[in-house]
Amino acid sequence: MTAYQLVCGMEVHAELKTASKMFCGCKNDPFHAAQPNIYTCPVCLGMPGGLPVANKKAIEWTIKLGLALNCKIHLFSHFDRKNYFYPDLPKGYQISQYDQPLCYDGNLETEYGTVRIRRIHLEEDTAKLQHKTVNGKQVSLIDFNRSSVPLVEVVTEPDIISPVHAKAYCKSLRQILRFLDIADCDMEQGGMRLEANVSLRSAGQTELPSYKTELKNINSFRFMEKAVAYEMERQAHELDTGQTPIQETRGWNDAKGETFSQRVKEDAEDYRYFPDPDLPPLHFTEEDINKIDSELPELPAQLKARWRTAYDIEPKYAEVLTEEKETAEWVEHIFALAKTQHVLPATVANALVNKKIAVQIGDAPSTVLAAVVQLSQTDDVSDAQISEVVQIVLAENPALVEQYMAGKTQVFGFLMGQTQKKLGKKVNPQQVRAMIEIQLQLYNHKK
Amino acid sequence: MLNSLTLTDTLQKLKNKELSIAELYADLRASLKVHADLNVYVTLNEQMENDAEQQANTPFLGVPIAVKDNFCTQNLRTTASSTVLDNFIPQFDSTVTKRLKKAGGVIIGKTNLDAWAHGSSTETSQYGRTLNPRNPEHLPGGSSGGSAAAVAADLCIAALGSETAGSIRQPSAWCGTVGLKPTYGRVSRYGVVSMASSTDCPGPITKTVEDAALLLNHIAGNDPYDATSSPTPIDDYTAAVGASIKGLKIGVIYMDIEGLATLKGLFEPQLKVFEELGAHVEYAQAMDPHQAVGVYTVVQRSEVSSNLARYDGIRYGNDRSFFGTEAKRRIMLGTYTLSKGYADQYYLLAQKVRTLFIEDYKRLFRTYDVLVSLTSPGFAKKIGASEASAMFGELEDMLIEPSSITGLPGINVPCYHDSTTNLYLGMNIMTPMWHESRAISVADAFEKHTPWNAWRNRKRV
């Protein structure tokens, strides 16, 4: 058995949430459209004579994403035509970017390691095919609401070293897209699409393997993690038996817990890329880029670092609380208020993450803080009163007491709970614990 | 016949109530009937009289305009002369036809062209060839052959064509009309069936230079729907009509091309009028236009192979088997020149040579205000001539292709008439980008001081 090392790079597509589409003025809202084909025009339908005009906002947002991922920006860039036939592609080519992507050479830090970003480019989404049976006939229908919606593609170097790393990378990327407020990343609807190129090499080797498997059409981070893990096993098995896994696209079947072949690529496709003559090249100045850079909001990494210094929040709690931008903003308000009222923000973080208090995102910070404060407040109950209740509890649960005596100390928690319940008040747990311990000793002596 | 009036005269007479829209259209209908055999129109607008009556208070007062059938026209069938689009009725107007309608022009019909504008003869049309009204045994040229023939036969007052490399000027030369190809980006391409996107350019085909200027005034200008249209402000092109050309330096190019010896004898004497009008004329050496044929062939085929991909049979009714031989040939060649391993030696190399042509014209325009040449290396060819040669159009357009691939404006004016065949030669007048006005001034001066314009010299018609 050879020890293998994962070689994995990712290609992630995300739809930008600009008001209008990438190359025409149609509304960009494919997932909420009341009917198919209502957000269409001669341009996104690919009618004769329809011409694209690039959405400036989408270009700016892509650069923003690039800067957030520490990319360099090409000051000269352009759009290219990627020629291929598919019924969801009305022009017979997709407007994309080939040799001059807007952004290149960046990186994204994750807790499992840095992932280098090779390139980020901007392109248009395709229409959506629906295969249905209408009047007993099998038909394929085309919905152009999604045609020409702006789509960014983020391509990494093969730096991902484990399935959980793949998941962490995808999650961090989505978090950044959401913090920038440029994409909703609705995974279910296909607003964010994950692809992983997976292969294995013998541990210690540095050369890229001679093959790669493409994991595609996977719509959750968890599935991606599982699929990469499965592929590692499957490919290791093939390599162990002297075979080279074939070049193919594979999907994930969660019910079976395995990947399955979707399409075998025999030859590399020739897309006959060439600069789109309908779109003038893009020129930017350093000032343009600096301006976009200065408008970047605080990003998750910066936010977590600031929380660490300003509020002493542990990274594991910060990770959870910054996952969604809305949550982070809400929590920030509570932390700020906590500081003014001499409550430790760390206590608030703990209470929120461990769900010790029953609150919802958006609740007034004062309400949340009151709940946190209440957690640590106790009613004044005498030792005698508690002891009385403990005695009742022990009497009612002789079997448990026996178990405890026999060394099964886990039952202590149950006795704690029962006592607190019977007291019906908020009592300092330390006090209850001490009283139970005393009574148990006494119980033992009585015997 | 009233339809034999120029655009300028028609408008004048309509304003002065010397003629009515009804009379004008009655004569036009009669001519359309008489000349049906020329096969000028693919589709006629049967509502033309009604449409015209609605345009009383507009600049163009409802005058009949012919439009090449590669402009999308709302509710009027648009085929690009290919049966692939046999049933295509656009729901939208091209920017140019929208502006034309807004100005009060009435689109009376869609004129024949080489299918998808691929050609210089109108013989590749899948709706039959158009005949040259000057001599029906000859071709009208192309690809805007229908529009040039419509003007020559007075089957409209003025027309719109489009040029990718010669398609306005070459048929104008062969039909003895004026054809103005504006600077690339001066007139919007939105809604014009794309052929070679990097050179496509709509423009007027008219009876006089003055008419071309007037029509250009109403169709030119920036269009938010065309990213390649220029924000440079447009001139009042009619202001250039009648302007003096005194002191202009005119460079004569492409006279030493092999095979032009006979034509040289007919063309050269025509240049004298420029000197008489105070301009300086001299011969200039330009880059060999043969090389432009290669550049254009590769660039155009490459873009065509991509632009025609949308006619994949899923929409518009008719599938790819409806493409004609010429379109198929161009798609195959363009697919090849863009393919991996070949794009460098064909497409990219062509683009580099294209840059050399741009530089060469820049050099020439440092010395000359205007460049002139023959438009076409010969008189209109006989019908059937294009069928023998796959490179027919490229060779016929050789003298215009350098200025097309570099985006320069140019205007064709008739510069010789052969009384035996009734056929014309055309002169191509070129200026630097955005200087259409200067080309118009020179062309107008030439037209007014020579006997070659059929409408200014009635006895010839």
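Two strands pair if DSSP finds at least two bridges between them, and in this predicted model one such pairing includes A:Glu11, whose bridge partner in strand S10 of chain A is A:Val155.

- Strands of a sheet pair through backbone hydrogen bonds, and the pairing may be either parallel or antiparallel.
- Within the pairing with S11(A), A:Val7 has A:Ser199 as its bridge partner, while the bridge partner of A:Cys8 is A:Val198.

**Domains and helix packing in chain A**

- Chain A is divided into domain 1 (4–287), domain 2 (298–376) and domain 3 (383–446), and the centres of domain 1 and domain 3, taken over C-alpha atoms, are separated by 59 Å.
- Helix H7 (residues 325–340) and helix H9 (residues 365–376) of chain A pack at an angle of about 60°, with their axes 9 Å apart, and the two helices are therefore oblique to each other.
- The crossing of H7(A) and H9(A) is right-handed, and the residues that meet are A:His333, A:Ile334, A:Leu337 and A:Ala338 in H7(A) with A:Pro365, A:Ser366, A:Val368 and A:Leu369 in H9(A).
- By class, this contact of H7(A) with H9(A) has six nonpolar and two polar residues, and no charged residues.
- The axes of helix H10 (residues 383–396) and helix H12 (residues 412–423) of chain A come within 9 Å and cross at roughly 125°, and these helices are therefore oblique to each other.
- The crossing of H10(A) and H12(A) is also described as right-handed, and in it A:Ile386, A:Val389, A:Val390, A:Ile392 and A:Val393 in H10(A) meet A:Leu415, A:Gln418, A:Thr419, A:Lys422 and A:Leu423 in H12(A).
- The residues of this contact of H10(A) with H12(A) divide into seven nonpolar, two polar and one charged.

**The sheet of chain B**

- Chain B has an open sheet of 11 strands with mixed pairing, in the order S1-S3-S2-S4-S6-S5-S10-S11-S9-S7-S8.
- Strand S1 (41–44) and strand S8 (280–283) of chain B stand at the edges, each with a single partner strand, so one side of each is left without a neighbour in the sheet.
- Neighbouring strands of this sheet are turned against each other by 25° on average, with direction ignored.
- Strand S2 (residues 64–68) and strand S3 (residues 106–111) of chain B pair in the parallel sense over five bridges, and in S3(B) the bridge partner of B:Ala66 is B:Gly109.

**Helices of chain B**

- Helix H5 (residues 145–152) of chain B lies across S1, S2, S3, strand S4 (158–163), strand S5 (178–181) and strand S6 (201–206) of chain B, and runs at about 155° to S4(B).
- Helix H7 (residues 209–219) of chain B lies across S4, S5, S6 and strand S10 (410–418) of chain B, and runs at about 145° to S6(B).
- The axes of H7(B) and helix H15 (residues 436–448) of chain B come within 9 Å and cross at roughly 155°, and the two helices are therefore roughly antiparallel to each other.
- The contact is made by B:Val209, B:Glu210, B:Ala213 and B:Leu216 of H7(B) and by B:Glu436, B:Ile440, B:Ala443, B:Asp444 and B:Glu447 of H15(B), and these residues divide into five nonpolar, no polar and four charged.

**Where the chains meet**

- The contact takes 23 residues from chain A and 28 residues from chain B, and the side of chain A that touches chain B has 14 nonpolar, four polar and five charged residues.

Notes
Residues are numbered from 1 along each chain as its sequence is written. Chains are lettered from A and ligands numbered from 1 in the order in which they are written. This is a predicted model: local features need pLDDT of at least 70, side-chain atom pairs count only at pLDDT 80 or more; totals for chains, interfaces and linings use all residues. Helices (H or I, at least four residues) and strands (E, at least two) are DSSP runs, numbered from the N terminus. Axes are lines fitted to C-alpha atoms, for helices over the stretch in contact, and angles run from 0 to 180 degrees between N-to-C directions. Angles under 35 degrees count as roughly parallel, over 145 as roughly antiparallel, 65 to 115 as roughly perpendicular and the rest as oblique. A crossing is left-handed if the near helix is turned anticlockwise from the far one by less than a right angle, and right-handed if clockwise. Two residues are in contact if their C-beta atoms, placed from the backbone, lie within 7 Å. Ala, Val, Leu, Ile, Met, Phe, Trp, Tyr, Cys and Pro count as nonpolar, Asp, Glu, Lys and Arg as charged, and the others, Gly among them, as polar. Domain bounds come from an automatic or database domain assignment.
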